[in-house]
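Trainee: I am new to this structure. Could we go through some of the terms together?
Mentor: Gladly, here is the model.

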2 protein chains.
Amino acid sequence: MKAIGRHIILEMWGCQNLESVQTAEQALREMVDALDVNLLDLHVYPFSPVGVTGMAIVSESHLAIHTWPEHGYAAVDIFTCGAPRDPQDAVDVLRRHYAPERVGAMEINRGQLDLPQHEVSSERTREHRPRSRPRAPALSA
Amino acid sequence: MKAIGRHIILEMWGCQNLESVQTAEQALREMVDALDVNLLDLHVYPFSPVGVTGMAIVSESHLAIHTWPEHGYAAVDIFTCGAPRDPQDAVDVLRRHYAPERVGAMEINRGQLDLPQHEVSSERTREHRPRSRPRAPALSA
């Protein structure tokens, strides 16, 4: 099956360090390294009273961590197109930083190119080329 | 089924305006309004040679748009916890801005609280409270 992107959805329960901005930032940076993707932007947002959102925008799409310490839970998304490495390496990074007791994982093909109703064209050869860096500064809110 | 968050995954094919930074930004802003969620940060990143990534971080999680104009395709994620409105309103915003010929949609419960192995505690009553604004400035890359 040929797809534009891979989206790994992780449900992590019984986690540690869910309150830590530093853990989220470090985990995202190490996931970027593990996946060998190109980091464009990284932000971590702590919430009151509890919880953290971390987001890494990469040329190949995005990595997101949302934590709910009150449930011992973190929702993680690893969405990449053309990443050269096995996403399992990024999961290992998360296991090291959050020490989850249980991890549920699901992989979704995003942009499925070979479904019957989709016309397969010569453009298929472009699908695994990572997109390059932005051509202009990002717009801000 | 009780869950911490709802994650709507949209596959949009045959789209227009996939190259436009302005369309991505405007769509995200209108989705935020349609969902009645709290916008923390919004960035749109154009790619060379083609494509746009737009990301809205909201107190309730995130909204993401990634476009591949060469395939007429956009991947959209609407991940919210405690959003008061029907996500269909946000899908309507996307239909207006991108005029997709086909839309595939899937909803995933994130942080399922009532699975048999998960201990249901009094904390369940907290799950629909949106998280409030950050208590500190976001860290940047």
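Trainee: Why is the sulfur of Cys81(A) too far from the closest cysteine sulfur for a bond?
Mentor: A disulfide is a pair of cysteine sulfur atoms within 2.5 Å. The closest cysteine sulfur to that of Cys81(A) is in Cys15(B), 16 Å away, so the two are too far apart for a bond. Over all chains, the structure holds zero disulfides.

Mentor: Some background: this is a predicted model, where local features need pLDDT of at least 70, side-chain atom pairs count only at pLDDT 80 or more, and totals for chains, interfaces and linings use all residues. Residues are numbered from 1 along each chain as its sequence is written, chains are lettered from A and ligands numbered from 1 in the order in which they are written, and side-chain values use heavy atoms, leaving out hydrogens and water.

Trainee: What makes Cys81(A) count as buried?
Mentor: Buried means under 20% relative accessible area (exposed is over 50%, partly exposed in between; 1.4 Å probe, protein chains only). Cys81(A) has 1% relative accessibility, so it counts as buried. Cys15(B), at 12%, counts as buried too.

Trainee: How do you know that H1(B) is roughly antiparallel to H2(B)?
Mentor: Helix H1 (residues 21-35) and helix H2 (residues 88-98) of chain B pack at an angle of about 155°, their axes 8 Å apart. Angles over 145 degrees count as roughly antiparallel (under 35 roughly parallel, 65 to 115 roughly perpendicular, the rest oblique). Therefore H1(B) is roughly antiparallel to H2(B).

Note on methods: Axes fitted to C-alpha atoms, helices over the stretch in contact; angles between N-to-C directions. Helix = DSSP H or I, 4+ residues; strand = E, 2+ residues; numbered from the N terminus.
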